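Work through these exercises with the model open. Each task is followed by a stepwise solution.

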Amino acid sequence: MSPAATAKPSAEQIPTTRMPLPESDPEDALIDEACRDLRLPAFRERFVELSATARREQSSYKQFLLDLLQVEQADRDVRRQQRLVRSARFPRPKRLEDFDFDRNPNVLPETVGDLKCTSWVREGRPLVLIGDSGTGKSHLLIGVGTAIAEAGMSVRYTTTSALVNELAEADAARRLSSVIARYSKVDLLCLDEFGYLNLDKKGAKLLFQIFTEREERKATAVASNAPFSEWGKTFSDPRLCAAIADRLTFKSTLIQTGTDSYRLKTTETEQQATRHS
């Protein structure tokens, strides 16, 4: 079989519908049943097609088996990626490949490209995105999270206010330890809208517990519209604010997306194009 045929199949190469079985071949029916029992969906979908190809190209038994196993493996990889992305609970799909670096020269493609690698997540290093509204912070946060999830690691997205509310409700119901434990196990926690709301002392302390549990073990990425100098407005306790900032900046990657709204620029460009059309 040709080298191209032995390459690991991609998601696009895996058909979504199974080829019809020849009614006259009882062996095909038995293989189909066995694949169903063993939960080998891609194997079941492709064995008729690949057996015909192997017969035509006079492939060895080992090569035919390898092709089937690679198809099943690729299918499982794709389904696992999809499952991890769904479990992250992103509010909308965003990919790093779709980020317009030309519109925001403050963001370096090289820096963002490095974030696709899982090493910083495995090392438990923070990521801090700071910039005004509309400068691409959430796009980058979701895009990075998606890339890490597709690389096979667990990711959870939430807003700061939603997380604090969840922690407060868990505390009132005496379930705080279990909720904190659940968040402490996630490989990458993506925390959006950090600094948008002022937190009371209790809320800040609850959030601090999450950062403490994850410090230097699990990675945390935050997107904030406020520079570090203004984080004191979010946290009423200066010492607590300093402790949180210390945990988020130690060995962190800092990306400043600037002050020029990307969304505003896009709207103005579209309006100008409409007027001149």
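**Exercise 1.** Is F235 buried or exposed?

*Solution.* The model is predicted: local features need pLDDT of at least 70, side-chain atom pairs count only at pLDDT 80 or more, and totals for chains, interfaces and linings use all residues. Residues are numbered from 1 along each chain as its sequence is written, and side-chain values use heavy atoms, with hydrogens and water left out.
- Step 1. Set the classes: buried is under 20% relative accessible area, exposed over 50%, partly exposed in between, with a 1.4 Å probe and protein chains only.
- Step 2. Read the value: F235 has a relative accessible area of 1%.
- Step 3. Assign the class: F235 is buried.

**Exercise 2.** Describe the ring pairs that F194 forms with W231 and with F235.

*Solution.* A pair of aromatic rings is described by the distance of the centres and the angle of the planes.
- Step 1. Helices (H or I, at least four residues) and strands (E, at least two) are DSSP runs, numbered from the N terminus. F194 sits in strand β3 (residues 188-194) and W231 in the loop between β4 (219-224) and α11 (238-249), so the pair ties together parts 37 residues apart in sequence. Both F194 and W231 are buried.
- Step 2. Take F194 and F235: 5.8 Å centre to centre and 50° between the planes make this pair tilted. It links strand β3 to the loop between β4 and α11, 41 residues apart.
- Step 3. Widen the view: ring pairs link F194, F211, F228, W231 and F235 into a cluster.

**Exercise 3.** Which residue forms a salt bridge with E49, and which with R95?

*Solution.* 
- Step 1. Apply the criterion: a side-chain nitrogen of Lys or Arg within 4 Å of a carboxyl oxygen of Asp or Glu. That gives 15 salt bridges.
- Step 2. E49 pairs with R46, with the closest N and O atoms 2.7 Å apart. Both lie in helix α3 (residues 41-57), three residues apart, about one turn of the helix. E49 is partly exposed at 29%, while R46 is buried at 8%.
- Step 3. R95 pairs with E150 at 2.8 Å between the closest N and O atoms. R95 is in the loop between α4 (61-88) and α5 (109-114), E150 in helix α7 (residues 137-150), 55 residues apart. R95 is partly exposed at 33%, and E150 is partly exposed at 25%.

**Exercise 4.** Which helix gives the most to the lining of the second largest pocket?

*Solution.* 
- Step 1. Define a pocket: on a 1 Å grid over the protein atoms alone, an open set of points where a 1.4 Å probe fits, with protein on both sides within 12 Å along at least five of seven lines; lining residues have an atom within 4 Å of a point.
- Step 2. Count the lining: 13 residues, with D28, I31, F47, S51 and R55 nearest the centre.
- Step 3. Assign elements: α2 (26-37), α3 and α4 each supply at least two residues. Helix α3 gives the most, with six.

Note on methods: Phe/Tyr/Trp six-rings, centres within 6.5 Å; stacked < 30°, edge-to-face > 60°.
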